[in-house]
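Here is a short report on one protein chain. Look at the model first, then read on.

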Amino acid sequence: MFKPKVPTMPQPTGLTTPPAIVEPTAVLQHTPQSPTPLAAQPTTNRPTVQLTPGSVLALVGGGAAVVLVVGAVLVSMLLAVAITGASVAICALVIRSLIASDNQHR
């Protein structure tokens, strides 16, 4: 309990200097311990996923549905931008025509 534990560093980082020679004292002596072997990774008992023809069909159908929904959203956004651009262009032409006809009547 009262014995000091010397920290070990597996690989030094940065510049290293040779270690200083330290004489062991009679009270505290460090006995080198052999490194403990690493434990193997425990195996899990989870079942593997097995694809049946029905599940493959469901995956393909779900993927196709996602592609169709994303495509519909993108097309509707493009259509909204096109309609907005056309209406702004028509408004610009009407305002230009009104300003031009106002200048002709003076």
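The backbone oxygen of Thr84 sits 2.9 Å from a polar atom of the Ser87 side chain. A polar contact is a pair of N or O atoms within 3.5 Å, where one must be able to donate a hydrogen and the other to accept it.

This is a predicted model, and local features need pLDDT of at least 70. Residues are numbered from 1 along the chain.

Ser87 belongs to helix α1. Helices are DSSP runs (H or I) of at least four residues, and strands are runs (E) of at least two. Ser87 counts as partly exposed because its relative accessibility is 34%. Buried means under 20%, exposed over 50%, and partly exposed in between (1.4 Å probe).

Met77 also lies in helix α1, which covers residues 53-104.

Now the whole chain:

| Item | Value |
|---|---|
| Helices | one helix |
| Residues | 106 residues |
| Buried share | 0% of residues |

Conventions. Predicted model: local features only at pLDDT ≥ 70, side-chain atom pairs only at ≥ 80, totals over all residues. Heavy atoms only, no water.
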